[in-house]
Amino acid sequence: MNFILDYYNYWVVVFLMMAGFYIVISANNLVKKIVGLNVFQTSVFMLYISMGKVSGGTAPILVEGVTQYSNPLPHVLILTAIVVGVAVTAVGLSLIVRIKRAYGTVEENEFEHKDDAI
Amino acid sequence: MFILDIVSSILLIAGVFFGFSGAVGLFKFPDFFTRVHAASVTDSIAAILVISGLLLQTSFDLNTAKLVFILLFLMITSPTASHALAKSARHGGLLTLAEAKTENKGADDKQEQAH
Amino acid sequence: MAELIDLVLLAMLALTALRIIFLKDLFAVVMLFGIYSFLSALIFINLDAVDVAFTEASVGAGISTVLMLGTLALTGRKEKKNSHSSLLPLLVVTVTGAALIYGTLDMPPFGDPDNPVHQHVAPRYIEESPQEIGLPNMVTSVLASYRAFDTLGEVVVVFAAAIGVLALLGIRRKKDSDLESGLKEHKVLHVIAKIVIPHVILFALYVQFHGDFGPGGGFQAGVIAAAAFILYALVFGLPNTLAVASPKFLQWMASFGVLLYAGVGLVSMIKGGQFLDYNKLAADPIAGQHYGIIIIELGVGITVFAVMLSIFYAFSSQAERSNVQ
Amino acid sequence: MFEQHLAALPVLLPLIAAPITLILGRSLLSWGFATLVSGCAFVVSIQLLAAALSDGVLSYALGGWPPPWGIELRVDAVNAFVLLAVSAISTLVLIYSKDSIEKEVEKSKHSLFYTAHLLCLAGLSGILITGDAFNLFVFLEVSSLATYTLVSLASDRRCLTAAFRYLVMGTIGATFILIGVGLLYMKTGTLNMLDLASRIELYDSNRTINTGLAFIVVGIGIKMALFPLHMWLPPAYTHAPSAVTAFLSSTATKVAVYVMIRFIFTIFGIDHVFEKMGMDIILMALAVVAIFKCSYMATVQSNVKTVFAYSSVAQVGYMILGLSLVSVTGLMAGVLHVFNHALMKGALFMAVGAVFYRVGSVDIKAFNGLGRQMPLTMAAFTIAGLSIIGVPLTVGFVSKWYLVTGALEQDNWVVAALVLAASLLAVVYIGRILEAAYFKKLPDNVDPNTVKEAPPLMLAPMWVLVLANIYFGIDTSLTTEAASSAAEWLFPSGDTHSVSNVQEMSK
C-alpha cells in the first residue's frame, strides 16, 4: 500500500505523457499533432513539479513561522519550459497556416501525395 | 466564529449545488440557448455563492479584498460572456427549439452545430 | 486531503487526455486542451507551485488555446478519418511508457523531505536566498538571480518565436478598413470591454512589480497585458488595435526587452563582476540584487508582451485576409 | 576584462546582436552587422581554443554564483574545438548567404533571416559551452526554433512540410531530453554537469538513472539524426535555402554529437554506459547500419541536396562509430570527424547552392556540363567530394585513417573493413555527379552565357573551406593535437579531478 502511495502520482503522470506522445505520433491532422505535443509537454511539467513537492511543505514564498517549503528549483525550470513550449506551439501553428495555404489541406496523408517523394 | 462557519458552509454547499445543476443542465438541455442558460448558472450564482462562502472563512485581511475583487470581476465578465455567446449564435442564424420546430427545413443541420 | 484532491484532479486529467485522443472534432479537442491546461494548473497549486500554475493558466491555457483556435478558423475544424494503422504508434508508446514505469521503480518516494532533490542545492535557495537576495519569493530569486542565464535564454526563445512567426506569416496592415472587423453590433461588449481593459492592464502592472513578493513576474505580466490588447482587438477590430500598437513598434519593443535584460548583464561586467552579477550594480549587494531583478523582470515583461501581441496580430491578420477572399 | 569574460563571449555576442539585427532592418546593413559579429565570435573561439589547450579548463560562473547553485559555463578542449568549427562555418556561410539568399528568400525577409541565423549561432554556442544540463535544454530550443524558421524561409512549398516534420521530431527529442534530465535531477538533486557526474557515480546501478540515460540518448539521437531516427533530416536539408543547409549540415547535427559525447563521457562515465549497460554494441550496430543504408540511399537520389543529406546521416554514423569503439583513438577519430565533416559538407553544400544560384535547380541533370561553365565551383565541389570519399591529402582521409586505426587497435577487422567498403559507396554517389558535370554536355535548352561562374562572394567562402580541406589534410598537427587532447581530456572520465573541482569551487 505504501508502495502505491509513494508512486501513484508518477504513474498517472507517465500515463498522461504517453497519451500525449501517442497523439503526436498517431495523429494525421497537424493541429491535433500540436495539441498532442502540448499535452505531452504539460505532463512532463507535472513530473518535475511532483518531484519538488515536500509533504507538509508550503509554496516557496517566505512566510513567518513556516520552516518546511517545497523545492523552488523545479518550479523555476518549469516556468522556463512552459514558455519554451508556447514558443514552439506558436511557430508550429504558423507553419500549419502556411501549409494550409500552400496545399489546401492539413491532413498529413493528403499533402504527402501532392509532391514527389522527398 | 461557529455561526460564521455554519453560514459559510451553507453558502458553499448551495454554490456547489448550483454548479452541479448547471453541469447537469449543460448535458440534459435540448438546444444551444437553453444550454447557455444552464452554463451561465455556474459562473453567476454558483460562483457568487462559493466566493461569499469563502469570504466568511477569511479573517478580513488582504485575502478578503482579493476575493471581493474576484467577485466583482466575475459579476462583470461572466454575464457578458454568456450574453456575447448567445448573441453571436443568434447573429449566426441559430434558431431556438421552438422556432426550429416551425421551420423544419434544415433544422437538423443547425442542431448539429450546437453540439 | 491534498492527496485526495490530487487524485481527483489526476483522474480528470486522464479522462480529458483520453477524450482528446478519440475526438474527431478539433474545436472540441482544442477546448479540451484548454481544460487540460487549467486542470494541470490546479495540480500545480496543489503541489505548491503557485508561480508555475499562474504561468500555465495564462500561457498554456490562455495564449496557446487562443492561437490554436485562430489556426482552426483558418484550417477547418473536422479531422478526417485516419488511414494510417495505429499499431506502430501504439507499440512505440507502450515501449516508452514501459521504460518510464521501469524508471519509476527506483524513484525516491513522492513528497518525502529526505529525497536527494531536497537535500542538495535547493536548501541553499530556501535557507539563504532571503538574506543573499532579500526577496521573500524564492522562485523569483532563483529565476532572476541564481539561474538568470536560463531566463535570458528563455526570453531569447520567445524572441526567436516572434522571428519565426513574422517570417512565416508576416503582419498585413489593411489600407481599406471597410471590411467588417470586430463586433460592431455588440454594444454590451463595447461598454464592458472599456471598463475591463484598463483594469486588466493595471493588474498586469501589479503582477509585474509584485512578482518579487508573491507569485508573478515578467512572463505572467507580459501575457496578461497582451491579453488586454487581444481583447481590444477582438471587440474593436484589428485596425484600431494596430493604430494603438503598430507591428513595427512591437518589433522594437521585443528587441528592446532582450537588450534591456542583456544590458543589465553588460553593466555588471563593466563594474567588474561576471555577466549578470547583480551584487556589483550598487554599493550594497542586496540593493544591487533588487535593481537587477526589477530591471530584468521588466525586460522579460516587455519582450513577452510584444511577442505575444505580434503573434496574435500575425494570426488574426491571416484570418481577416481569408475572410476577404 | 576581455580575458576574464572570454568564455561567455561566444554566446553573448550573437545573442545580443540578434535583436540589434532585427532593429537595423535593412538587408545590406543587417548582413554586414551579422557577419561582423559572427567574425568576432570566430576570433574569440580561436583564443578560447588556445586557452583551453594551454590551461585545461575555463570556468565562468554566471551571476557570480558558484556552481552548482548558479549556472556555469565550462570550456575545455572538446567544446572549444567544436566551437571553433561552428563559428568559422557560421561566418563563412554568412558571407556566402548575401548572394545566395537573394535567389531563394524573399527580399523583405532578409533581415529576419540574419536574425534567425544569429539566434541559431547563439543557441549552438550556448549548447557547446554550458556546464549545466538544463541550460543546455534551453539553448537547444533557442537553436531549434531558429532552425525551423530558417528551413521554412525557402520559396518552395515543400520546405513548409519539411520544417513542420522537423519541428515535431525536434520537439519530441527535446522533450525526451527534458524527461531524462528530470530523472537524473530526481536522483541527484543537481543540474551542474560535473556535480551530476560525481553524484551519479555514487549509485552503482539504478533503474531511474538508467532510464534517464536511455531517454537522453534517444532524445539526442533524434537531434543528431542517428539512424533510425533520421527521417526528418533529408527533407529538411533538401528544401531549406542552400545557405541554411550549408550551415546546418556542418553544425547542428555535429553539436548534437558533441552533446552525446558530453553526456556519455563526462556525466555518466564510460564504465556506466559501456560496461554496465552495453551501449557500445547498440551504438556500433546503429552506426554501421546508418553508414551503409544511408550511403546506399544517397546513391539512388536524383536531387543532389538529398544525396548529401543522406550522406550527412551516414557521416554521423562514422562519428558514432568512432565513439562506440571506446578507446582514445576511436573517440579522437569521432571528434576529428566532427570538425572535418563540417569543412567538407560546408564546401559541398555551398557549391550546390552556387549551382542553384546560376541554374535554378539542383537535380542531378542540372549538373550536366557544368564542369566547363562553372569551373571554379565544380573544382571546389570535386575536391570536397574527394574529401568525403577519403582520398589521401584531404581531411576525409585523416579522420578515416584514425577510425580504421582505432578499430585495428582492438583487432576489430570487421569494422575496419566495413569503413573502407562504405567509402566505395561514397565513390558511387560523388562519381555520378562528377560524371554529369564533366562528361555530359550542357543541355541544348540552356543558354551557355547565362550559366556562368558564381559571384565572388559565394566562391570565396567555398574556396576557403576547400583550402582548409587540403591544408588540414596535409598538415594534420593542429587538428589532431586538438582532437587528441580533447579525447584524452574526456577519456579518463576525469572522476578524481571533477569531484575535487566542484568542491574547490563551492568554497
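**View 1. Leu143(C) counts as buried, because 30 C-beta neighbours sit inside 10 Å of this residue, in what is a predicted model.** For burial, the cut-off is 20 or more other C-beta atoms within 10 Å. Leu143(C) is found in helix α7 of chain C, which covers residues 138-146. Leaving aside residues up to four places away in sequence, Leu143(C) touches Val76(A) and Leu79(A), plus Thr151(C). What about Val95(C)? That residue is 48 residues apart from Leu143(C) along the chain, and their C-alpha atoms are separated by 35 Å.

**View 2. Here's where chain D meets chain C: 50 residues of chain D are in contact with 46 residues of chain C.** Several elements of chain D each supply at least two residues of the side that touches chain C: α1 (9-24), β1 (58-61), α4 (110-129), α5 (133-151), α6 (158-188) and α8 (207-223). Which one gives the largest share? That's α5(D), with ten residues. Sort this side of chain D by class and you get 30 nonpolar, 16 polar and four charged residues.

**View 3. Two helices of chain D, α14 (residues 328-359) and α16 (residues 375-389), pack at an angle of about 145 degrees.** Their axes are 9 Å apart, and the crossing of α14(D) and α16(D) is left-handed. From α14(D) come Met344(D), Ala347(D), Leu348(D), Ala351(D), Ala354(D) and Val355(D). They meet Thr377(D), Ala380(D), Phe381(D), Ala384(D), Gly385(D), Ser387(D) and Ile388(D) in α16(D). How many charged residues does this contact have? It has no charged residues, with ten nonpolar and three polar ones making up the contact of α14(D) with α16(D).

How values were computed:
Residues numbered from 1 in each chain as written. Chains lettered and ligands numbered in written order. Predicted model: local features only at pLDDT ≥ 70, side-chain atom pairs only at ≥ 80, totals over all residues. Contact = placed C-beta atoms within 7 Å. Helix = DSSP H or I, 4+ residues; strand = E, 2+ residues; numbered from the N terminus. Nonpolar A, V, L, I, M, F, W, Y, C, P; charged D, E, K, R; others polar. Axes fitted to C-alpha atoms, helices over the stretch in contact; angles between N-to-C directions. Left-handed = near helix turned anticlockwise from the far one by under 90°. Buried ≥ 20, exposed ≤ 12 C-beta atoms within 10 Å, placed from the backbone.
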